[in-house]
Amino acid sequence: MSRSCVITTEEPNWWLTPPAEASCEVGGTEQEPSAERANGWDKQPVVATAELVTATTAHLARQSGPALVRFADSAGLADWVASLLLRDRLLRPERPLGLATGRTMEPVYAALARQVNGLTPEERQELRRRWCSFNLDAYVGLDRADPRSFAAEMASRLTTPLGLDPERVHLPDGQAADPHAAAECYAAQLAASGGIGLQLLGLGLNGHVGFNEPPCEVDASCRCLELSPATRQQNAGAFGGDPEAVPQQAITLGLREILAAERLLLVVTGAAKAEVLARALREPPTPELPASWIQLHPRALVVADGAAAALLDASREQRELLA
Ligand code: GLP
């Protein structure tokens, strides 16, 4: 089977294996992919990179919160994250994939498109047949066709390059006349699809995940909310640099839906996020830092580049195990 993509590592076993004791509610039990479902992906050769820091079963024994995978090279990071997303769809399509937008994810989707190009036509067809994703969030008041909307972003970075059926790429309806009802409807649609399997997450400078702005309780559910000035400032780049032009409201999955996912994959890049990442992983979970709630999840993996992980001292980071 010819491929242009390289699977840089296997997924850590503890990440795939149901924990002995879950510290927060997670749904379902991991099922071994059938030979038919596996489609050969579980037999891919493993090419480990020197910079990769990976977790082992020792992590499972400790049950001590998120593990950190650190990449020196950002292209390697994007490739690895993309390969996890691809493996998720090909090997574990039973539950939807949770997706995120933002600048951090741009190289990830580019890598995913490259990897999908390297599949055989049959594999691409299988991927399209199995695809089902739910995005974390959407601005309220932007037309789906507006290039600044997350729907347009997903169409150009994911749906079109991968040749996916747009009906299988779900986002909250930010154009709905009643965004609060639209949020409830989105939560119900997700629940009817079985809840998220693998949830991809980015990190806001103020510690938000999705658009869960601080303060945010651990059980906050999918809802329409006001965006903070900090977030509108952070995302102003897509709106001509004007924070006032950024929509005031958004619909986001809540921590409730996020923490109910089987696996979390938080991807953080760049020096600007180093402090908030260190706080989110080191400080006791608090509503003031919504990302800190992922510490409660038994299968959370944090993937960071060297700049973002700069304040996480490997020698003191018990959850980080050098390969
Ligand atoms: C945005 C989005 C998140 C995203 C995060 C980081 O506001 N709502 O889903 O992951 O903030 O964005 P970026 O990657 O552009 O820094």
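Trainee: What should I know before we start?

Mentor: Residues are numbered from 1 along each chain as its sequence is written. This is a predicted model, where local features need pLDDT of at least 70, side-chain atom pairs count only at pLDDT 80 or more, and totals for chains, interfaces and linings use all residues.

Trainee: How do you know which parts of the model to trust?

Mentor: Look at pLDDT, the predictor's confidence in each residue, from 0 to 100. The protein's mean is 82, and 77% of its residues reach 70 or more. But pLDDT stays under 50 over residues 1-9, and also over residues 18-63. Where pLDDT is low, the predicted coordinates should not be read in detail.

Trainee: What makes something a helix or a strand here?

Mentor: Both are DSSP runs, numbered from the N terminus: helices are H or I with at least four residues, strands are E with at least two. The protein comes to 11 helices and 10 strands. Strand 3, for instance, covers residues 133-135 and holds Asn135.

Trainee: Why is Asn135 called buried?

Mentor: Buried means under 20% relative accessible area, exposed over 50%, and partly exposed in between (1.4 Å probe, protein chains only). Asn135 has 0%, so buried it is. Of the protein's 323 residues, 56% count as buried.

Trainee: Which residues does Asn135 touch?

Mentor: A contact means heavy atoms within 4.5 Å. Leaving out residues up to four places away in sequence, Asn135 touches several, among them Leu99, Met154, His170, Tyr186 and Leu253.

Trainee: And Leu164, why is that one called buried?

Mentor: Its relative accessible area is 7%, which is under 20%, so Leu164 is buried too. Leu164 sits in the loop between helix 7 (150-162) and strand 5 (169-170). Its contacts, not counting residues up to four places away in sequence, are Arg128, Trp131, Leu158, Thr159 and Val169. Leu164 and Trp131 are 33 residues apart along the chain, with 7.5 Å between their C-alpha atoms.

Trainee: What makes one space a cavity and another a pocket?

Mentor: On a 1 Å grid over the protein atoms alone, a cavity is a set of points where a 1.4 Å probe fits but cannot get out; a pocket is an open set with protein on both sides within 12 Å along at least five of seven lines, and lining residues have an atom within 4 Å of a point. Grid points are joined across faces, edges and corners, and a volume is the space filled by probe spheres set on the points. The largest pocket has a volume of about 650 Å³. Thr101, Gly102, Arg103, Phe150 and Asn235 are the closest to its centre, out of 34 lining residues. Helix 7 gives the largest share of that lining, four residues. The largest cavity has a volume of about 80 Å³, and its lining includes Tyr139, Asp143 and Phe150.

Trainee: How do you know what kind of residues line the cavity?

Mentor: Ala, Val, Leu, Ile, Met, Phe, Trp, Tyr, Cys and Pro count as nonpolar, Asp, Glu, Lys and Arg as charged, and the others, Gly among them, as polar. The cavity lining divides into six nonpolar, three polar and three charged.

Note on methods
Side-chain values use heavy atoms; hydrogens and water are left out.
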